[in-house]
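Thanks for coming, everyone. Let me put the model on the screen, and then we'll walk through some backbone details and charged pairs.

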Amino acid sequence: MVTIKDIAKASGVSNSTVSKALNDSPLVKPITKRKIVEIAQNLNYRKNMQASQLVLGKSNLIGLVLEDVGNPLFAHLASQINHAMMETGYEMIVTLSSHGLDLLERLKVEGIIYWGDIDPASNFQSLLKKSMTPVLIVGSHALKNVSCLCIDRELGIQKAIEYLMSFGHRRIGLIGNSQENKVASYQAVLKKYDLPFEEKYILPSNTTWWGGYSSVLSFTVNDHSPTAFIGINNLVTRGALRAFLERGLTVPTDVSLVGYDDLPDMDQTEVPLTTVGPSLDSLAHVSTSMMINLIRDHLQGQEQIIEPVMYVRKSVGYCKQR
């Protein structure tokens, strides 16, 4: 294994100078720094993180905790945050669920970003509150004294319903009943605009592709059923789209469809899907900025809100009355 001593010998400088250069110290002349970095790269030098932590008192590591990786949204967001973090000089480690929290703290990461909802019945809330590492929750409402980048999901549902209303739709359904905040927002917005609501307008589904697909396959279409639907997330919406098409229903001529969450490939589905949701680029950059500020200022309890936007494609058409 190549060490700092090897680089110092090849460079003709002291070990101390090599260490400073590799940590981008302003005390080393730029020309010397470039020479040392080039030699380190040529020798395939890999920094010893534990040694760096002892010398510098920091790891330059950020932990990202995900609920799961079944939804491509999580992978895309992780990639975006990782890219944004690297621009600031930090590296990122991804772990799953609450089990990763202890691992990240043992690795002495400088900050932890958690993406997802938090079950009030779990012990994860207390784990986050007890953490000595700065924590940022993305997507969920803030816990007391824990910083949060929140998403205005009610506004997202409202924008989707308003968009469908502009095409003459009044009977609007929801595909998915597993995310209570979105279901509550859906019902609240229907009431706000005096739109009709029936329990059967909410098709039961979890957050998977198969859930959206099977819920639409088992749905009875008649003259009184919704003329438009909102999918509770990107996977559910894509599954629902496939089911509508298999049943011989044309989207958007026979039924309109809006998805919640946007991904770059939503315009590559059988019918390019109109969606609503926060910009993933914005989520990545704002969460990175908030995390860096938390590390530097140690001020927990900050909160920012990201507003969702409409991504208009081809899955919404004018209402075809039944």
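**Backbone first, then salt bridges**

Start at Pro252, which sits in the loop between helix H11 (234-246) and strand S9 (256-260). Helices here are DSSP runs of H or I with at least four residues, strands are runs of E with at least two, and both are numbered from the N terminus. The peptide bond from Val251 to Pro252 is cis, with omega near 15°.

A word on the source. This is a predicted model, where local features need pLDDT of at least 70 and side-chain atom pairs count only at pLDDT 80 or more, while totals for chains, interfaces and linings use all residues. Residues are numbered from 1 along each chain as its sequence is written, and side-chain values use heavy atoms, with hydrogens and water left out.

Next, positive phi. Asp194 is not a glycine, yet its phi is positive, about 55°. Look for Asp194 in the loop between helix H9 (180-192) and strand S7 (202-203). Is Asp194 buried or exposed? Asp194 is exposed, at 62% relative accessible area. The cut-offs: buried is under 20% relative accessible area, exposed is over 50%, and partly exposed is in between, using a 1.4 Å probe and protein chains only.

Now Asp261. Again a non-glycine with positive phi, about 90°. Asp261 lies in the loop between S9 and strand S10 (274-277). Asp261 is buried, with a relative accessible area of 10%.

On to charges. How many salt bridges does the structure hold? There are 4. Each one needs a side-chain nitrogen of Lys or Arg within 4 Å of a carboxyl oxygen of Asp or Glu.

Take Lys200 and Glu198. Their closest N and O atoms are 3.5 Å apart. Lys200 is exposed at 51%, and Glu198 is partly exposed at 35%.

Then Asp265 and Arg238. This salt bridge is 2.9 Å, N to O. It links distant parts of the chain: Asp265 is in the loop between S9 and S10, Arg238 is in helix H11, and they are 27 residues apart. Asp265 is partly exposed at 29%. Arg238 is buried at 14%.

Last pair: Arg313 and Asp262, with closest N and O atoms 2.9 Å apart. Arg313 lies in the segment after strand S12 (309-311) and Asp262 in the loop between S9 and S10, so this pair ties together parts 51 residues apart in sequence. Arg313 is partly exposed at 22%, whereas Asp262 is buried at 12%.
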